[in-house]
Every structure is written in structure tokens, then in C-alpha cells.
Amino acid sequence: MTAALIDSHCHLDAPELAGDLEQLVARSRAVGVGRWVVPAVSAATFAGTRDMARRFGAWPAYGLHPLYEAEHRAEHLDELARWLRDESPVAVGEIGLDGFVATLDMQRQIDFFEVQLKLARDFDLPVIVHIRRSQDLVLKYLRKWRVQGGIAHAFNGSRQQADEFVRLGFVLGFGGAMTYSGSQRIRRLAAELPMEAIVLETDAPDIAPAWLAGPPPARNEPAELPRIAAVLAELRGMTLAEVAAASNANVARVLRLPQDVPDCPHTCDAGS
Ligand SMILES: [Zn+2]
């Protein structure tokens, strides 16, 4: 692969990856995955996400993730606003709604989600959304707040819902879930949606691809992305280079990155 493939969703700052992060990033670069979009998950992680992004040349996003709803406080939204103003991230994220984990307070999730959508609008930033058993609810608030678009990460909805996200300016993230032969709906969407609507992601350390399936499920990492991309290429009857180039271009378009994405930015201090 010539140009570096972008992992459009990867938690490089996750504690599960901290032990061997240097080697993990080296493995990622060695297989051509040279850029990563890294969304923070709570106010407590903003500084760590920024420092990690500077160190490896990743693109940070800042947001309050719905799974950490119990940790979030009203003042964290003010803190987020300061980070969006002062640090110019590529997006507000990871934000969204999770209807799968029953212990989460949905109304509280919605309250944080709405304020963050408003912040995205105020700062003219795209959003990176987590949508689990909440497709229609997320769409409802996106229609209400009309942000400029972004990435619907780990997409797992219907074709109709996919089309609605696209209409609202979103691309859909496909990753490890697509590699399981039983994931028929996701695989059909990956095969049939316009390529302009698809971006590749690992969601490392989560959503391990089929070849790393447990139990216990193995830790996912960005070096798996070329093999995940190869599954997408096969499903669509395209070449690996074609899906990689298209995914990169789609990420660059929705996150308004430089179209000619360099392998390693000036901020990258690899080797020093
Ligand atoms: Zn995530």
C-alpha cells in the first residue's frame, strides 16, 4: 500500500493499549496504517488524548462518551467547550447514545448528547457518534440540531437508517463486525452502500475481527485494518487499494482534513 491508510476510529489512548503502545503503533505503521482518528471519552481523558495524538501524529477529537455517562458532570461541558476552542480538534467525539447497556440513564445521555451537538454547531465541527440500539433516537437529535455531519461509528442499522445518516452529511464506519460471516446485514450494507458513504475503522481495542475472536475476545489493534479492508474489498468486488483510497478520501472529506494526507505529519516525533 502506498498511501497510509487512516484508521477512522481507534482509542490509542485506551488503558488496554498503554502497555505496549510504541510497538503497537510501529506494527500499525509497518502495515501501512499510518494515521488514526482518536476520540476521547471523558473530560478526564482529554489531556491524555491530546498528548498521545501529538506524540504519534494522530488526529484527536474531544467529547463525552455515552458509556461514561455516570462520570460526566455539567462542568465537563464547559471544559469541553474550552478544549474545542483552544485545541482545534478534527471533531466533537465520541458522543452519542447507547441503548444496549441497561444500567445507563438514557435521559442523562440525551441531555449530554444535545449540549454536545449544540457545541459542534457553535464551533462548526463534525461529530463522531456512537450508536448502539439507538439509531432512530440519534437520528432524531441530529435532525433537531443539524450539525454539519461526521462519522456514524460502528454502523449497525438498516439500509433506511444508513440512507438517513448519509442525507444528514454522515459517513458510516465499518470494521471488525463486518468480518464475521454471520453479520449478514452489516455485510450486505458494506457491499451495497455507495463507497462514498463508507469509512474503515478498527475501534481498537474493541470489536476484534473474526480471526481474533475469543473467548476471550482478543484485543483489537490498528494493524488489523488492512485485513479488515481486504474483507470490504472482497465484499464489494474492489481492490484493496481502491477501498483504502476511497475510505481515506471520505474521512478527509467529512473531517475536512488535507486531501493529500501525508504519511506522517510534522508533529510526529517518531524516532526522537
Ligand atoms: Zn469508540
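Of the 69 residues in the largest nonpolar core, which touch the most other members?

1. They are Phe165 and Phe174. The model is predicted, and this note goes through it by region. Leaving aside neighbours within four places in sequence, the contacts of Phe165 include Ile131, Val138, Leu142, Phe155 and Leu172. Apart from this core lies another, of 15 residues, with Ile6, Ile128, Val254 and Leu255 among them. In soluble globular proteins, nonpolar side chains tend to be buried together.

2. Helix α5 covers residues 135–145, and its buried residues are Gln135, Val138, Leu139, Tyr141, Leu142 and Trp145. These residues span an arc of only 165 degrees around the axis, so they are on the same side of α5. The face turned away from that side carries Asp136 and Lys144, which are exposed. Among the elements covering the buried residues of α5 are β4, α4 (106–122), β5 (127–132), α6 (159–167) and β7 (170–174). Just after the helix, Arg146 has a positive phi of about 50 degrees.

3. The zinc ion is held by three residues: His9 and His11, each through NE2, and Glu94 through OE, at 2.0 to 2.2 Å. The spacing of these donor residues in sequence is H-x1-H-x82-E. His11 belongs to the loop between β1 (5–7) and α1 (21–30), while Glu94 is in strand β4 (residues 91–98), so the pair ties together parts 83 residues apart in sequence. Are His11 and Glu94 buried or exposed? Both are buried.

4. Six aromatic pairs are found in the whole structure. Phe46 counts as buried because its relative accessibility is 0%, and Tyr62 is buried at 1%. Phe46 and Tyr62 also form one aromatic cluster with Trp83.

5. The rings of Phe165 and Phe170 have centres 5.8 Å apart and planes at 75 degrees, so this pair is edge-to-face. Phe165 is buried, at 0% relative accessibility, and Phe170 is buried too, at 3%. Phe165 is also one of the residues named in point 1 as touching the most other members of the largest nonpolar core.

6. Two arginines sit over tryptophan rings. Arg35 lies over the face of Trp59, 3.8 Å from the ring centre. The charged end of Arg227 is over the ring of Trp211, at 4.1 Å from its centre.

Note on methods
Residues are numbered from 1 along each chain as its sequence is written. This is a predicted model: local features need pLDDT of at least 70, side-chain atom pairs count only at pLDDT 80 or more; totals for chains, interfaces and linings use all residues. Side-chain values use heavy atoms; hydrogens and water are left out. Donors are N, O and S atoms within 2.8 Å of the metal (3.2 Å for Na, K and Ca); water is not among the atoms, so sites may look incomplete. Helices (H or I, at least four residues) and strands (E, at least two) are DSSP runs, numbered from the N terminus. Buried means under 20% relative accessible area, exposed over 50%, partly exposed in between (1.4 Å probe, protein chains only). A nonpolar core is a set of buried Ala, Val, Leu, Ile, Met, Phe, Trp, Tyr and Cys residues joined through side-chain atoms within 4.5 Å. Contact means heavy atoms within 4.5 Å. The arc is that of the directions from the helix axis to the C-beta atoms. Rings of Phe, Tyr and Trp (its six-membered ring) pair if their centres lie within 6.5 Å; planes under 30 degrees apart count as stacked, over 60 as edge-to-face and the rest as tilted. A charge sits over a ring if NZ of Lys or CZ of Arg is within 6 Å of the ring centre and within 35 degrees of the ring normal.
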